[in-house]
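User: I'd like to learn how to read a few features of a protein model. Could you walk me through them?

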Amino acid sequence: MKKEAPNFSVVDPSGKIFDLYKTLKKNPVLLIFYRGYWCDHCREQLAEINNNLKNFSGIKVVAVSADRPLEASLMVNFLELKFTALPDPDWKIFRIYGFTRPKDMKEILPAIFLINKKKEIIYSHVGKDYLDRPPIEAVLQEIKKVNP
């Protein structure tokens with residue numbers, strides 16, 4: 001049995017409300033938790049996903065970090081991201097998805113959840129450490145299962 005993805009609503013850096021369940025009515029979602037704007041490995045992962053968006057047809061990509069709104073906006077602009085980056089400085093979304101706030105923010109674990117339109121988490125990868133991230137090929141294989 002697949003686990004239901006917890007819903008959340010937050011204000012994105014542009015001032016619009018992002019609601020996961022409303023988004024899932026239109027598209028499956030690839031939810032990416034990254035450590036922050038300061039993490040080179042995160043920037044590399046987000047840039048790789050951004051460069052492969054044409055292969056994510058029909059999937060809404062949403063990245064979440066513990067950054068403040070300004071930092072999240074800077075990340076979007078710096079990497080020219082074509083997907084949503086949500087700031088979560090109060091750890092609302094992180095907690096909903098089972099993460100505990102570490103004392104040292106460098107201990108944040110990267111994670112990816114692929115959620116179908118039925119609100120089911122059909123793929124997840126939570127890193128064991130900051131380097132443990134699935135290769136883009138693995139993510140694309142999971143996306144093909146949603147969009148054959």
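User: How many positive and negative side chains does the protein have, and how far apart do the centres of the two sets lie?

Analyst: Lys and Arg count as positive and Asp and Glu as negative, with His and the chain ends not counted; each charge is placed at NZ of Lys, CZ of Arg, CG of Asp or CD of Glu. Here there are 24 positive and 18 negative side chains, and the two centres lie 7 Å apart. Bear in mind that this is a predicted model, where local features need pLDDT of at least 70, side-chain atom pairs count only at pLDDT 80 or more, and totals for chains, interfaces and linings use all residues. Residues are numbered from 1 along each chain as its sequence is written, and side-chain values use heavy atoms, leaving out hydrogens and water.

User: Thanks! Which residues are buried in helix H3?

Analyst: Buried means under 20% relative accessible area and exposed over 50%, with partly exposed in between (1.4 Å probe, protein chains only). Helices (H or I, at least four residues) and strands (E, at least two) are DSSP runs, numbered from the N terminus. In H3, residues 69-79, the buried ones are Glu71, Ala72, Met75 and Leu79. They fall within an arc of 100 degrees seen down the axis, so they line one face of the helix; the arc uses directions from the helix axis to the C-beta atoms.

User: What does the face turned away carry?

Analyst: That face of H3 carries the exposed residues Leu70 and Asn77.
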